[in-house]
Amino acid sequence: MSGVRADRRIVVEFPEDVRYTKEHEWARAEGSRVRVGITDFAQDALGDVVYVDLPELGTVVQADAPMGEVESTKSVSDVFSPVSGTVVERNPLIADAPELVNEAPYGDGWLVVIETDASLDALLDAGAYRAFVEEGTA
């Protein structure tokens, strides 16, 4: 077919302004808060997102531990917290429009905001995450 690459790889985004986990979450520092979502790679692998289970406000989350789930037409996957802290915001749009996770994973498709004193330095930068993803899909 014209326009289809032989290796069938999908082009995904790796924004430079966020950090990444090996579980495919992203984290964007906003002062003492961290906005969290799943990566473009993850949403593409999941397929059409139909439901997102988010932690309640005030929930204390631990780095590298599950804090919610994303359900797609293909599967259900845990969402892991990239940092330890307290959930202070939940995306109010996600309950009625879970497809935002697919449509704008780094924008309106974010999941939660966590109040934390943790640094994001231990997380992967865009280049390291891209290499990790390419290594796993090669």
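1. A salt bridge is counted here when a side-chain nitrogen of Lys or Arg lies within 4 Å of a carboxyl oxygen of Asp or Glu. By this rule the count comes to six salt bridges. Side chains of opposite charge can pair when their charged atoms come close.

2. Please keep in mind that this is a predicted model, in which local features need pLDDT of at least 70 and side-chain atom pairs count only at pLDDT 80 or more, while totals for chains, interfaces and linings use all residues. Residues are numbered from 1 along each chain as its sequence is written, and side-chain values use heavy atoms, with hydrogens and water left out.

3. Glu56 and Arg90 meet through their side chains in a salt bridge of 3.5 Å, N to O. Glu56 belongs to the loop between E4 and strand E5 (60-61), whereas Arg90 belongs to strand E8 (residues 85-90), so the pair ties together parts that are 34 residues apart in sequence. Strands (E, at least two residues) are DSSP runs, numbered from the N terminus. With 53% relative accessibility Glu56 counts as exposed, while Arg90, at 32%, counts as partly exposed; buried means under 20% relative accessible area, exposed over 50%, and partly exposed in between, with a 1.4 Å probe and protein chains only.

4. Arg33 forms a salt bridge with Glu115, and their closest N and O atoms are 2.9 Å apart. Because Arg33 lies in strand E3 (residues 33-38) and Glu115 in strand E9 (residues 112-115), this pair ties together parts that are 82 residues apart in sequence. Arg33 is partly exposed, with a relative accessible area of 32%, and Glu115 is also partly exposed, at 29% relative accessibility.

5. Arg28 sits in strand E2 (residues 25-30) and Asp17 in the segment before strand E1 (19-20), so parts that are eleven residues apart in sequence are tied together. Arg28 counts as buried, at 17% relative accessibility.

6. Turning to the strands, three of them form an open sheet in the order E4-E6-E7, with antiparallel pairing; two strands pair if DSSP finds at least two bridges between them. Strand E4 (49-53) and strand E7 (76-80) stand at the edges with a single partner strand each, so one side of each is left without a neighbour in the sheet. E4 pairs with strand E6 (residues 66-72) in the antiparallel sense over four bridges, and the bridge partner of Asp53 in E6 is Glu69.
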